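Here are my notes on the model you sent. They cover a helix contact, ring pairs, charges over rings and some backbone points.

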Amino acid sequence: MFARVLESDASCNGRFFTGVMTTGIYCLPSCSARQPKPENVRLFKTEAEALGAGLRACKRCRPDLFYRGEDADIALFEALATRVRAEPERHGDAAVLARNCGVSQTKLGGLLRVHAHMTPAAWLKREHVRAACRLLLDTERRVVDVGHAAGFESESAFHRQFLAIARMTPGAYRGLNGASVFMLQLPAGYRAQEILAYHARDPASPCERVEGTTVFKALATERGAAVLEISLEPQAAWCRVHSDDKLDGRGIEAVHAAALRMLGLNLDVSAFEARAARDPRMAVLLARRRGLRLPLTPTGFDGLCWAIIGQQINIAFASSLRREILAVAGTPVRGMRAHPRAERVAEIAVGDLTKRRFSRSKAEYLIGAAQAVAAGRLPAETLADGSAVSAERELTSIRGIGTWTARYMLMRGAGFADCAPVGDVALAAALQKLTGAEERPEAKEVEELMLPFAPHRSLATIHLWASLRDAA
């Protein structure tokens, strides 16, 4: 057992505990602290035995949290996220955030890369913009005062960073309240063709259609159903909302968020492209598709349904099964059908889906996941606000959701930037082509081959998928 301690063997965590009698602490076998002398060590079968010997938990490996099934880093990330969202004005930059949370900037950077898939600066900018969005719609404060209250150091920084994320000025965003038309400014070099192709992948879908450079998407918001029309121009996307009843501020806010997601504007591609350009193999892929973006589903639950329906079948069959869900539970609106909310799918009987070409297991998985969302056990719409590590654990705890389904959902439904959907046949085929391997890589090898693309594995996945179309 002590030999395993010397090797920091994580597979022994939970099987026994290491007590260092001279320091009065107990640790997990995997603890990275300096190894104690053997004569100072006592091994315990349970945490209760270690506590009974008068020892306290190690602050580095946190065996107390492990014993309770908690993760110290997840708890730290969630605590700092709560703190920033409660008082955004007190956390102006990464240095201040690290100091306020009692961690080093190195620790902060690693924490946010693993759990938010972002740098501290990018994550703080997103949180400040979100705080400003709420204040712009919920208060009548002057725009400049909103910027200061949301944590921006100057009016110019506020306008510049708000535009980069919301794709409109703060004043225009405030004007969303009661609007039926708004414009999103597109970044330079925006590629519309792949976005249009993604939304046109099922020509028979009653939920979305593409006409030229215009996308029509039926949406079911908490404030009512509507059809979102997005007309893509070289430098702007004009968005028009068609609904029987005019949406209020919260409704139009949801539509604005859906438009950003659908157009792939949530992830900044510049950092990935700068890094990929330094990799000779990836540079070849990048040269053909500079500016390629990852379009998301309009809502998290929509992405979750796609992930479950698409398990182990081709896109054409998955699209046909999705049309069955829309027929059974979709919300009619302006001649289209909006994707149902979780509460509606949770009420569907398994037999109603098996009669429509669903396997019994797929029907049970889909309905079970919807019930988890409807009951609040799986927060599909807010997973992106929390830890990616915690989100994957939450997803895979649901019956029928494995690694591929969870990561596809995190990538396409939540918009996390560093997800590799291991188990994806197309991704494995693209990596085989990229590396020139004789055989298609297995899941473990795919995981290893995608590591060099961290922390941008979601965008790397999109580029690799696209490379297969080149070959075709």
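1. Leu80, Arg83 and Val84 in H4 meet Leu97, Asn100 and Cys101 in H5. Contact here means heavy atoms within 4.5 Å. Four of the residues in this contact are nonpolar, one is polar and one is charged. Ala, Val, Leu, Ile, Met, Phe, Trp, Tyr, Cys and Pro count as nonpolar, Asp, Glu, Lys and Arg as charged, and the others, Gly among them, as polar. Helix H4 spans residues 72-86 and helix H5 residues 94-101; they pack at about 115°, with axes 11 Å apart. Axes are lines fitted to C-alpha atoms over the stretch in contact, and angles run from 0 to 180 degrees between N-to-C directions. Helices are DSSP runs (H or I, at least four residues), numbered from the N terminus.

2. On sources: this is a predicted model, where local features need pLDDT of at least 70 and side-chain atom pairs pLDDT 80 or more, while totals for chains, interfaces and linings use all residues. Residues are numbered from 1 along each chain as its sequence is written, and side-chain values use heavy atoms, leaving out hydrogens and water.

3. The structure holds six aromatic pairs. Rings of Phe, Tyr and Trp (its six-membered ring) pair if their centres lie within 6.5 Å; planes under 30 degrees apart are stacked, over 60 edge-to-face, the rest tilted. Phe158 and Phe162 are edge-to-face because their planes stand at 80°, with ring centres 5.8 Å apart. Both sit in helix H9 (residues 155-166), four residues apart, or about one helical turn. Phe162 is buried, at 0% relative accessible area (buried is under 20%, exposed over 50%, partly exposed in between; 1.4 Å probe, protein chains only).

4. Phe162 also pairs edge-to-face with Tyr173, at 5.7 Å between centres and 75° between planes. Tyr173 lies in helix H10 (residues 170-174), so this pair ties together parts that are 11 residues apart in sequence. Phe152, Phe158, Phe162 and Tyr173 form one aromatic cluster.

5. Which peptide bond is cis? The one joining Ala454 and Pro455, with omega about 5°. Pro455 is in the loop between helix H23 (443-450) and helix H24 (457-471). Most peptide bonds are trans, and most residues other than glycine have a negative phi.

6. His117 is not a glycine, yet has a positive phi of about 60°. His117 is buried, at 11% relative accessible area. Arg357 also has a positive phi, about 75°. Arg357 is partly exposed, at 48%.

Conventions. Helices (H or I, at least four residues) and strands (E, at least two) are DSSP runs, numbered from the N terminus.
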